[in-house]
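Me: I have a model open and would like to learn how to read it feature by feature. Could you walk me through it?

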Amino acid sequence: MTRPPVRTLVVPRPGVLEVAETPEPPLEDGRFRAATVVTGLSAGTELTWFRGTSPYLATGWDAELGLFGRGEPQGFPVRRLGYMEVARVTDSRTPAVPEGSLVAMAYGHSTVVHGDPVTQHVVQLPAGLDPLLGVYVAHLGPICANGLLHAAADVGGSELADGVRGRLVVVTGGGAIGLLVGLLARVHGAAEVVVVDPTPLRRAAATALGLTAVDDTAEVAREVKTRWRHGPADHGADVVFQCRGTAAALATALRCLRPQGTVVDLAFYTGGAGEVALGEEFHHNGLSVRAAQIGRVPRGLGSAWDRRRLSQETLALLREHGDAVRAHLLTDVVPFDDAPALFTELSERRRHVLSAAFAV
């Protein structure tokens, strides 16, 4: 049987997104074929590829040494974007993934995937879960859960609640990651969660999710520290989750912390963070910054926390609060063929979304 071509979103050159078509190869033994139902957009990361500002495009990355600066940078065309896919298994040559199952994966904006359960993270979604919510399960939700795990490790804990239970939490950045981190912190027992963001739409979504939302003004750190007093010369948030990729947001995060507090940083700074003044609050209050990157969990917790468990924590959150996430976070669902127009509108700041997805 001849199948229609596989359609994939690619960036042939900066500022252009196209739908490329390729023949679908035969399905190999040990793999499964899944037809995409919906694929989510991670705007912060994907727009760096669309605009040509990703550091991978400017310089080589030595994965072994963990250094940028040598080797060949990745060039155009960029053939893989995205990591938030939900697909229906139509054919399977492996008992690990049965036909008919709905799975969450991270394989990019493509209409079909030939998955390999040995090498890829595959999450079978439970019956009754809105497939649209599945876009958060394989990768973006684990990013957020891993942020809480880093906060836990910072205080000697090993469970998601350990870093936030009973604590005063600030989240800088009210995008998809910031709002899910804030919701996870609230669900896991934070005394209060304040989301700091300059965008009214994001603040409204934070409030709808049961979080406190404030504008990112010059006085926000003073307001937070006036509100939260622990003792003499001890004011501010116990922990700040930094979820917005700007130097100004990182500076705000540091200013909001109580002495010897920690910023758990989930942001991606495409232009660096040159505006952060390390001689000010960072130095005088003895602060720390922990990078919570999805490629690794905190040191010593790898045997207990893998991607599968982080996805299961995401599913637990969505089972309990999925209706609110669908109503207030997943703001835009557009046809797959409309993706190029949406990318352009977002890049030119003519449109704002909290979280978007492309329906196939």
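This is a predicted model: local features need pLDDT of at least 70, side-chain atom pairs count only at pLDDT 80 or more; totals for chains, interfaces and linings use all residues.

Me: Happy with that. How do I read a sheet, and what is the strand order in the open sheet of six strands?

Reply: Start with the terms: helices (H or I, at least four residues) and strands (E, at least two) are DSSP runs numbered from the N terminus, and two strands pair if DSSP finds at least two bridges between them. Here the open sheet has the order S12-S11-S10-S15-S16-S17, with parallel pairing. Its edge strands are S12 (212-214) and S17, each of which pairs on one side only. From one strand to the next the twist averages 20°; for such angles, axes are lines fitted to C-alpha atoms, for helices over the stretch in contact, and the angles run from 0 to 180 degrees between N-to-C directions.

Me: Which residues could I click on to see the pairing?

Reply: Strand S10 (residues 168-172) is joined to S15 by four bridges, and the bridge partner of Val 171 in S15 is Phe 241. Five bridges then join S15 (residues 237-242) to S16 (residues 257-265), where Ala 237 stands opposite Leu 257. Four bridges link S16 with S17 (residues 288-291), and there Asp 265 stands opposite Ala 291.

Me: What do S15, helix H7 and S16 make together?

Reply: They make a right-handed β-α-β unit, with H7 covering residues 247-256. A crossover is right-handed if, with the strands pointing away from the viewer, the path from the first strand over the helix to the second runs clockwise.

Me: And is H7 largely enclosed or largely open to the outside?

Reply: Buried means under 20% relative accessible area, exposed means over 50%, and partly exposed is in between (1.4 Å probe, protein chains only). Seven of the ten residues of H7 are buried, so the helix is largely enclosed by the rest of the structure. Among them are Leu 250, Leu 254 and Cys 256.

Me: Now the rings. How is an aromatic pair described?

Reply: A pair of aromatic rings is described by the distance of the centres and the angle of the planes. Rings of Phe, Tyr and Trp (its six-membered ring) pair if their centres lie within 6.5 Å; planes under 30 degrees apart count as stacked, over 60 as edge-to-face and the rest as tilted. A search of the whole structure finds five such pairs. In one of them, Trp 49 and Tyr 56 have ring centres 5.9 Å apart and planes at 15°, so the pair is stacked. Trp 49 is buried, at 13% relative accessible area, while Tyr 56 is partly exposed, at 33%. Together with Trp 61 and Phe 68, Trp 49 and Tyr 56 form one aromatic cluster.

Me: Where does Arg 70 lie, and what is it in contact with?

Reply: Look in the loop between strand S5 (67-68) and strand S6 (85-92). Contact means heavy atoms within 4.5 Å. Leaving aside neighbours within four places in sequence, Arg 70 is in contact with Thr 59, Gly 60 and Trp 61. Even so, Arg 70 counts as exposed, at 74% relative accessibility.

Me: How about Ser 110, buried or exposed?

Reply: Ser 110 is buried, at 8% relative accessibility, in the loop between strand S7 (102-105) and strand S8 (112-115). With neighbours within four places in sequence set aside, its contacts include Val 6, Thr 36 and Phe 336.

Technical notes: Residues are numbered from 1 along each chain as its sequence is written. Side-chain values use heavy atoms; hydrogens and water are left out.
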